[in-house]
Amino acid sequence: MSGFFCYPHRRKETQMRFRNLAIIVLASVLSSCNSAPAPDPAKAPVAPVSEAHGNLAQVMRAIMFPNSNVIFFVQSNDPTKVKPSSDPASATDILASTYGGWDAVENSSLALMEAANLLMVPGRKCSNGKDVPIQNADWGKFVQQLRDAGMVAYKAAQSKNQDNILAAADTLTTACGGCHENYRDKPGGNPNRCM
Ligand code: HEC
């Protein structure tokens with residue numbers, strides 16, 4: 001009797017065990033799809049510079065120089081009055097390009113803000129062969145000032161107000177100059193780069 005009654009019971013139990021097992025396996029498969037921890041943006045590693053990279057002076061000339069000039073230009077010129085280039089899609093003056101006017105001022109501000117990160121990339125050299133001093137606390141502080149100044153300029157560009165740009169240009173000059181005084185030009189015209 002017990003055999004008769006127990007069989008279906010045992011079968012049910014086994015079925016349940018299999019079902020439970022299947023659920024566990026499925027759950028673990030599903031959870032393994034999700035098991036990689038979400039990256040913490042604050043801890044995301046900065047990739048070291050690759051073989052083909054610029055030294056610090058080249059990064060400055062390629063990115064900081066042209067983009068800050070856009071903001072400095074707008075101190076005394078209305079960006080909407082810049083005559084578009086005859087071929088705006090290939091214009092070398094960003095203000096006369098397809099993305100000219102206040103858009104260009106916004107974009108150059110963002111370029112400065114974003115490029116602040118490039119000043120913290122490990123492995124970059126200065127033009128004299130010294131490492132960019134990313135480990136120095138004040139270097140990080142100057143980089144942050146540049147990032148903040150880019151944000152101030154971005155907001156000024158969004159406001160499309162030249163007075164705001166005047167103030168932003170001032171903040172920007174202070175940010176560039178503060179770092180240069182300490183890490184580029186030492187008093188007496190004796191360059192003491194990246195010390
Ligand atoms: C965190 C520090 C820092 C900030 C911020 C910074 N610079 Fe520099 N800059 C330097 C250093 C150091 C050098 C020298 C680099 C080298 O010799 O490789 C340099 C070099 C330059 C050069 C090349 C000139 C030369 O003699 O080689 C230009 C142009 C320049 N910076 C423009 C700017 C502008 C414009 C800004 C602001 C928008 C700025 N920099 C912000 C540190 C900084």
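This is a predicted model: local features need pLDDT of at least 70, side-chain atom pairs count only at pLDDT 80 or more; totals for chains, interfaces and linings use all residues.
Read along the sequence, the protein chain runs α-α-α-α-α-β-β, which is to say that five helices and two strands are found in it.

Let me begin with the chain as a whole, which has 195 residues, 20% of them buried. If we take the contacts between residues at least 6 apart in sequence, 64% of these join residues that are at least 24 apart.

Now to the ligand, which has 25 residues around it, and among these A57, M60, S127, C176 and C179 come nearest. Which helix gives the most to this shell? That is α2, with seven residues, while α2 (56-73), α4 (137-159) and α5 (162-183) each supply at least two. Sorted by class, the shell consists of 18 nonpolar residues, four polar ones and three charged ones.

Staying with α2, I would like to turn to its packing against α3, the helix of residues 101-115, where the two axes come within 9 Å and cross at roughly 145°, and where the crossing is left-handed. On the α2 side the residues that meet α3 are I63, M64, N67, S68, V70 and I71, and they face A104, V105, S108, S109, A111, L112 and A115 in α3. By class, this contact of α2 with α3 has nine nonpolar and four polar residues, and no charged ones.

So, to bring the two parts together, α2 is the helix that gives the most to the shell around the ligand, and α2 also meets α3 through residues including I63 and M64.

How values were computed: Residues are numbered from 1 along each chain as its sequence is written. A residue is near a molecule or strand if its C-beta atom, placed from the backbone, lies within 6 Å of it. Helices (H or I, at least four residues) and strands (E, at least two) are DSSP runs, numbered from the N terminus. Ala, Val, Leu, Ile, Met, Phe, Trp, Tyr, Cys and Pro count as nonpolar, Asp, Glu, Lys and Arg as charged, and the others, Gly among them, as polar. Axes are lines fitted to C-alpha atoms, for helices over the stretch in contact, and angles run from 0 to 180 degrees between N-to-C directions. A crossing is left-handed if the near helix is turned anticlockwise from the far one by less than a right angle, and right-handed if clockwise. Two residues are in contact if their C-beta atoms, placed from the backbone, lie within 7 Å. A residue is buried if 20 or more other C-beta atoms lie within 10 Å of its own, exposed if 12 or fewer, and partly exposed in between; C-beta atoms are placed from the backbone.
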